Each structure stands twice: as structure tokens, then as C-alpha cells.
Amino acid sequence: MPERLLVCTDLDRTLLPNGPESESPDARARFARLVAHPQVTLAYVSGRHRALVEQAMFNYRLPLPDFVVGDVGTTIYRVGKQQAWTRITTHAAEFASDWANQSHHDLKTLLQDLPDLRLQELSKQNDYKLSYYVPLDNDRKALSAVIRHRFESAGIHAALIWSTDEPMAIGLLDILPECASKLHAVEALMHMNGFDNSNTVFCGDSGNDIEVLASPIPAVLVANGHGDVKQLARQLADESGSGAQLYIAQGGFMGMNGNYSAGILEGIAHYHPDIAGWIE
Ligand SMILES: [Mg+2]
């Protein structure tokens, strides 16, 4: 067991049991017991903005995290016991440079004639996150190519992050600075707090988690993740030589089903078997 452990986890359908699969009854309480150990630093890494992260923490009675990475990696807050929510802005200059010093409004204007793009609510936008709803039957590859072409002409380096809001049956497109991602935010947290791959575990279930799942950072894909996500994450991790740093939860750990927080615990125990004693 390392002396310290950084646990970074996605929220929706990873720690939060808000998918169709069932949650093992004791899983979240056991997760809370694990992260209550002073050796554990806890970070929530979510596509949600701050208010929606706070809402999830309240509704699901989640442990207070040390850090929250919000808005798909474009915001980082130090939270802690005082619930200070201090914004860490180490990346602002890099974000501005990626977007060729153009604003959220400038990028929106570049794309305003594309009929399949419907702007998400104001609360889901920020200076470096331009977010749209896109019909599920849209050809994501073709639309991405059009957007990329326009950005290239303007010298803008952006990441296009696609995901799906299953309950709403709608596609989501987040346009971020190229260097903004869950992966870069997790790397920044590790760097800032002196963690490395030997004492960090990331947990996720889908879309914007895949980059971290396939990276050299030890990662856990919860059992309730979709089959196609599991297949893609496995393929990308193997291709990049990080296959041993991806664990896909199966269920069975401490009699739990591997979904949501049960999968998180199963995966952390895969990398650090000694933590089982911390959960009892
Ligand atoms: Mg998720």
C-alpha cells in the first residue's frame, strides 16, 4: 500500500448510481470509509459545473472531496473540509493560447450556421467550454470534420468531446481548449500534489473518461460501463502500451456487483490489495 493515494473519480454513472444498473447496498458507505482515511486524497472529475457537482454531493451524500475538476477539465477547485471551492487557474494562459486568444463568443460565431448544433444552457458554458446538444442520429465524424476545418482556418486548437445523455436521448458536444481534458486536469492534480502513477487511481465509465482510461494512469472502468466503451478503452489502452493500467470491474469483490462505487473499490483493490482492510 502506498503511503498516500490519490483517488480521482468521475461522478455520473461512476460514483453516482444514476444509471439503469443496480447499486450494491453497502458500496457507497464503504467508499466513504475508504476515502475518510487521511492517506487518501479525493478528487471528483466531472463534466458537471460546480453547482451541479454540489447538488450531486448533497443528493447522494457523497464524501467531501479535496478537489473538484469540473466542466470536463476546464475548471479545478480546491474544496477540502472547509468547503472553500478555491478556483485553481494554472491553465488559463494555455487555454487562451489554444483558442488563439479568441473568446467563447468568437468560437460560437464561427459555428452559428451549423443546423445540428443547439447551444446548451448558459450554466453549462464557461469561458473555455462551448457546449452543444446534437441529435443522436447526427454523423459525428462528418460534423467534427467541418468544425475542425473552420477552427484550423482560424488557428484555433480545440478538443471536441462527444458524449451521450442517455436519459435525455441526446448527443453532447463539448468544445474545449486542446490542452483541457480530464486527462490533463488529473495530470495537473498529480503534479500539484506530488502524486505519480504508483499512487493514483482514476475511475470512470464512458465518453470523456476514455482518454484517462487508456492512459498510463492506473484506471478503473466500472462494470456498468457499456460494452462498446469497454471494448474501445481496452483497445486504446492496449495500443498505447497501457493495457496493464486499465482494470475493468467484473463484480465479486466483497460480494458486491462491480457497478458504480463497488467497481471503484474493486478496481482500487486490484492495484492496491491492502486497501480491503480499510473498507471493513
Ligand atoms: Mg460518467
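Reader: How many bridges join E8 to strand E9, and which way do the two run?
Author: There are 8 bridges between E8 and strand E9 (residues 170–177), and the two strands run antiparallel; strands here are DSSP runs of E with at least two residues, helices are runs of H or I with at least four, and both are numbered from the N terminus. Two strands count as paired if DSSP finds at least two bridges between them. This is a predicted model, in which local features need pLDDT of at least 70 and side-chain atom pairs count only at pLDDT 80 or more, while totals for chains, interfaces and linings use all residues. Residues are numbered from 1 along each chain as its sequence is written.

Reader: And which residue is the bridge partner of Ala158 in E9?
Author: The partner of Ala158 is Pro177.

Reader: What order do the strands take in that open sheet of 4?
Author: The order is E6-E7-E9-E8, with antiparallel pairing. Strand E6 (118–119) and strand E8 (158–165) are at the edges with a single partner strand each, so one side of each has no neighbour in the sheet.

Reader: Switching to the open sheet of 8 strands, what is its order and pairing?
Author: That sheet is ordered E5-E4-E3-E2-E1-E10-E11-E12 and its pairing is mixed. Strand E5 (86–88) and strand E12 (246–248) stand at the edges, each with a single partner strand, so one side of each is left without a neighbour. From one strand to the next the twist averages 25 degrees, where axes are lines fitted to C-alpha atoms (for helices over the stretch in contact) and angles between N-to-C directions run from 0 to 180 degrees.

Reader: How do E1 and E10 run in there?
Author: Strand E1 (residues 5–9) and strand E10 (residues 200–204) run parallel and are joined by 4 bridges, and the bridge partner of Leu6 in E10 is Thr200.

Reader: Which strands does H9 lie across?
Author: H9 lies across E1, E10, strand E11 (219–221) and E12, and it runs at about 150 degrees to E10.

Reader: At what angle do H1 and H9 pack?
Author: Helix H1 (residues 27–35) and helix H9 (residues 260–271) pack at about 45 degrees, with their axes 8 Å apart. Residues in contact have C-beta atoms, placed from the backbone, within 7 Å; on the H1 side these include Phe31 and Leu34, and on the H9 side Ile264 and Leu265.

Reader: Last one, how many helices and strands does the chain come to?
Author: The chain comes to 10 helices and 12 strands, and its C-alpha atoms fill a box of roughly 55 × 40 × 35 Å along the principal axes.

How values were computed:
Two residues are in contact if their C-beta atoms, placed from the backbone, lie within 7 Å.
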